[in-house]
Amino acid sequence: MENVNKILLTMRHINKNFPGVVALSEVDFTLRMGEIHALMGENGAGKSTLIKVLTGVEEFETGEIKLDGYDHAIVNRSPQEAQGKGISTVYQEVNLCPNLTVAENLFIGREPKKFGMIDWKTMNQKSNEILKNLNISIDVTVALENYSLAMQQMIAIARAIDMSAKVLILDEPTSSLDDGEVEKLFVLMKKLKSQGIGIIFVTHFLEQVYEVCDRITVLRNGCLVGEYEVEKLPRVQLVAKMMGKDFDDLASIKKDNLEAEKKSGTLVIDAKHLGATGTIKPFDLQIHEGEVIGLTGLLGSGRSELARVIYAADKADSGELFVRGKKAVINAPIDAMKAGMGYLPENRKEEGIIADLSVRENIMIALQAKKGMFHRLSVKEQEEFTDKYIELLQIKTADREVPIKQLSGGNQQKVILARWLLTNPEFLILDEPTRGIDVGTKTEIQKLVVKLAKEGMSIMFISSEIEEMIRTCNKMAVLRDGCKVGELSESELNQDSIMRAIAGGEADE
Amino acid sequence: MNNTLKKITGYRLFLPLVCLALVLLVNVIKTPNFFAISIQNGVFYGYIVDVINRASELVILAVGMTLVVAASGGTDISVGAVSAVAGAVAIFIIGGGEASTDFYHAPYILGFFAALLAGTLCGAWNGFLVAKMKIQPMVATLILFTAGRGIAQLITGGNILYMRVDSFKQLGGFIQGVPLPTPVFVAIFVVLITLFILKKTALGLYIQTVGINAKAARLVGLNSVLIQFLTYTFCGICAGIAGMIITSRVYSIDANNAGLNMELDAILAVALGGNSLGGGKFSLIGSVIGAITIQALTTTLYAMKVSADQLPVYKAIVVIIIVSLQSPELKRMLRNAKLQLQNGQQGKKVA
């Protein structure tokens, strides 16, 4: 295959800014003919932005894009324009018309015509040919909605390929597919690859990358980390590159001063086969008094989902939960609160703050909800509590009556922490409490976590920053692909072992 | 000086009050006797008494509507029809279903509570659809908006039923020896009770929390379904009370016309009161001021001899002005214009 190393697409020095944020900085990307190229990175790394810039959804400030067949740099102003040049995208959600037939979907907007009318016969015939080429055999005259999501996705791919067959971008196509369906999709991808199409595969499933991809480009915080050949990049190094730690340096970092013998308090939370279909597979988990347990794993691994199931933010559909040895019936967050839990959600803006309400009201709301409608906290109590926590957590606000939305991210987070501390929980779940807040506040929150645990509170700590977790946690649960795959005890808590655990698979070699 | 001014203009109810004042101000110029109050037969008479009297039903409806809007970010467009249902139930029970009667077939109090119950049930139905079934408030309440009058017709057998008993007229008129019309007292009572509930329980905080961020509300342990359900039910009760006043005023029930179009005025009252129709923070007093403003506007136009058919046009014009005065977009435009003016002046100085 002479074509194998022919370069199809190059993006050079791409820069893109959003107001206040650098989304892409001097990013390079190269796609060769007949390769499947994984684009990887954690949340906010710039994967989606790079794709959007390439397909004309977003404009970019500087840099150039070159495409095989064009001797000058190209700029796409719309996805249609990109498609015209041979760059097609298939998204996680299929953008086709479920009520039309497969053939109609394949030819929508470019139907073969005869005397000004749609030539149905030719259309169906051609559709059959297209799908046959891809080893898909289905009835093309049936409405699309009758087929599985995976099949719909393949039909979307078939359409994209038939329209313009050079560069195919698959943006997290496997997120909603089951294992068998993923397998079918991979067969199709390999087939397209053999036809010389270059495929950009955006995903965060490590297994899948190692199964089908030839090369990997890793982005982090809008910058290019590097381009690697799959065989030459062990999984654990890939994780290190995505998370921003150079693996070789990590081995030398020693674990410092954590009181080793803190465990073995009474059992507070005991989850047995707790799980929710589609989000987190059944897991067992035990949390003791005064323990800080960290949940680690890549984005989409089920970290938050595990926490949400315990708190009943998402309803569990299997297993049982015991709180202090007693079986707890928890159908809604209020039940979890009454059982002594608190939950600081990952998404502060959408699930945490009540934007228009004051700092005072935001702090009081959880305790007030727990006490019930008819036991209103007096104004005096409210003001006392609020002032106490404003001082204790050093919340920077002009006044306790200022709407929370006017506070900085870090201070908003402190208000939500105060909200939960006020309910005096035995078990507090903190999902990314330090995301998007300034360094000073981060350290304060970490210190607070350690202090609360010393006082006997059990804490579940979720963070993408491994260092932060090592500093605060006594043990860790590792998640991969929606499944709890193991636990690390205190002595095992170091970057090396954590990354190996996250990467899984070949990590033991 | 500047600070005090800012404090006053920043006060939540500032704009609604200004609007009311503006409407009243027009009368000072155009209808000088607008504020004159005279005593005839031991009761107060005058345009201004008429305004607060006629505004009573609207105030009551606006109270219920405010809570519905705050908790669900939607409106209950069935309140007018529900008033008719409540009125029909009341007169059917105490009038024994006769087209015209001059004595009670059943105790008045029974009819009154039956009307409240009818309103409660209608409100609960709306609440069930919106809170539990997650149907859009406008669509959910559209059902009773149309079917409500049908139900009322069914109860009255398609006739206008009269209740020619003096004591029946008291709720919508005067009680012997009291110089102010009864509806005013009922409205004040409803407002005070509601304020009391909001003040003494945490319901007000719950409603706002659910209205602003339902997801966060659930995570802090609130039952947003129950809270929304309660607001719609309460709105139904308010509609029931309003329905009783409306029927008492005309000592009859006309299923087709009782409370007609009042839902729109009630929604408008909430908006005029400076409340966001998107839900969240609310001011009950604001809505009350809004309701009085609307009635003042209507009475003003009558006093200026605008005919009833042309009334809606003038009303619409004034409403457009009032609503745009309160819109944040206009505030932004004004601020920008001011900034540009300042920049322009600075530019000149530099030149």
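With which residue of chain A does B:K281 form a salt bridge, and how far apart are the closest N and O atoms? In this predicted model, local features require pLDDT of at least 70 and side-chain atom pairs count only at pLDDT 80 or more, whereas totals for chains, interfaces and linings use all residues. Residues are numbered from 1 along each chain as its sequence is written, chains are lettered from A and ligands numbered from 1 in the order in which they are written, and side-chain values use heavy atoms, with hydrogens and water left out.

The partner of B:K281 is A:E361, and the closest N and O atoms of this salt bridge are 3.9 Å apart. A salt bridge is taken as a side-chain nitrogen of Lys or Arg within 4 Å of a carboxyl oxygen of Asp or Glu. Between chain B and chain A, two salt bridges are counted. Eleven residue pairs, both residues at pLDDT 80 or more, are in polar contact across this interface; such a contact is a pair of N or O atoms within 3.5 Å, where, within protein, one must be able to donate a hydrogen and the other to accept it, and residues adjacent in sequence count only if both atoms are side-chain atoms.

On the side of chain B that touches chain A, the elements giving two or more residues are α7 (182-200), α8 (203-212) and α9 (214-219). Helices are DSSP runs of H or I with at least four residues, numbered from the N terminus. The largest share, six residues, is supplied by α8(B). By class, this side comprises eleven nonpolar, five polar and five charged residues; Ala, Val, Leu, Ile, Met, Phe, Trp, Tyr, Cys and Pro count as nonpolar, Asp, Glu, Lys and Arg as charged, and the others, Gly among them, as polar.

In total, 21 residues of chain B are in contact (heavy atoms within 4.5 Å) with 29 residues of chain A. About 2000 Å² is buried between the two chains, 65% of it on carbon and sulfur atoms. Buried area is the accessible area (1.4 Å probe) lost when two parts are put together, summed over both. In chain B, the most area is lost to chain A by B:L205, B:L219 and B:V220, together 31% of what that side buries.

Over all chains, zero disulfides (cysteine sulfur atoms within 2.5 Å) are present. The sulfur of A:C483 lies 20 Å from the closest cysteine sulfur, in A:C473, and is therefore too far for a bond.
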